[in-house]
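Biologist: I would like to go through the labels attached to this model one at a time, and to hear what each of them rests on. Could you answer with the value and the criterion together?

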Amino acid sequence: MKLFTDLLENSYAGKIEGYKGEKIQFGKESLDLPYAEVKTAVITPQGQEFSVDYRLLADGSRWRVYDIVIEGVSLVNNYRFQFAGILQKSSFEEMTKQLKETVRKQSGG
């Protein structure tokens, strides 16, 4: 879990922090406890619009994002597909080794 968390943080945190001048437009919210979804649009200074939808899960009195869908592509499903492909060709240990190497490279190590 820690390895996957590091992978996501390294892959996406920098990109999120790098946004400048974009506008966020909040759209429809849907609730089907314990799940919820918030639809948003990111609008660039050039007027391009991208859909970014957040899928959330209730955790006690807090909501936690468990998936982000960017332009119709789910990050969870994307990683699930990639991991399944790796596991069809090699072992869990090999996949873990590859993830560690990716995280090490992302961290500049």
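Modeller: Let us begin with a separation along a helix: Tyr-79 and Phe-83 are 4 residues apart in helix α2 (residues 75–89), so about one helical turn separates them. Helices here are DSSP runs of H or I with at least four residues, strands are runs of E with at least two, and both are numbered from the N terminus.

Biologist: What kind of model is this, and how are residues numbered?

Modeller: This is a predicted model, in which local features need pLDDT of at least 70, side-chain atom pairs count only at pLDDT 80 or more, and totals for chains, interfaces and linings use all residues. Residues are numbered from 1 along each chain as its sequence is written, and side-chain values use heavy atoms, with hydrogens and water left out.

Biologist: How many aromatic pairs does the structure hold, and why is the pair of Tyr-35 and Tyr-66 called edge-to-face?

Modeller: There are 2 aromatic pairs. The ring centres of Tyr-35 and Tyr-66 lie 5.8 Å apart with the planes at 70°, so this pair is edge-to-face; the rule for Phe, Tyr and Trp (its six-membered ring) asks for centres within 6.5 Å, and calls planes under 30 degrees apart stacked, over 60 edge-to-face and the rest tilted. Distant parts of the chain are linked by this pair, since Tyr-35 is in strand β2 (residues 35–43) and Tyr-66 in strand β4 (residues 62–70), 31 residues apart.

Biologist: What makes Tyr-35 count as partly exposed?

Modeller: Its relative accessibility is 42%, and the classes are buried under 20%, exposed over 50% and partly exposed in between, with a 1.4 Å probe and protein chains only. Tyr-66, at 40%, therefore counts as partly exposed as well.

Biologist: Why is the pair of Tyr-79 and Phe-83 called tilted?

Modeller: The centres of Tyr-79 and Phe-83 are 5.8 Å apart and the angle between their planes is 45°, which makes the pair tilted. Tyr-79 counts as buried because its relative accessibility is 9%, and Phe-83, at 17%, is buried too.

Biologist: Which residues make up the largest nonpolar core?

Modeller: Its 6 residues are Leu-7, Tyr-79, Phe-83, Met-95, Leu-99 and Val-103. The term covers buried Ala, Val, Leu, Ile, Met, Phe, Trp, Tyr and Cys residues joined through side-chain atoms within 4.5 Å. Helices α2 and α3 (92–106) each supply at least two residues of this core, and α3 gives the most, with 3.

Biologist: Which residues does Met-95 touch, leaving out those up to four places away in sequence?

Modeller: Met-95 touches Phe-83, Ile-86 and Leu-87 on that count, where contact means heavy atoms within 4.5 Å. With the same exclusion, Leu-3 touches Thr-96, Leu-99, Lys-100 and Val-103; Leu-3 lies in helix α1 (residues 2–17), and its C-alpha atom is 7.2 Å from that of Leu-99, 96 residues apart along the chain.

Biologist: Where is Phe-50, and why does Phe-50 count as partly exposed?

Modeller: Phe-50 is in strand β3 (residues 49–59), and its relative accessibility of 35% is why it counts as partly exposed. Beyond four places in sequence, the contacts of Phe-50 include Glu-71. Glu-71 sits in the loop between β4 and β5 (73–74), and its phi is near 50°, a positive value in a residue other than glycine.

Biologist: How do you know that the peptide bond from Leu-33 to Pro-34 is cis?

Modeller: Omega of that bond is near 10°, and the bond is cis; Pro-34 is found in the loop between β1 and β2.
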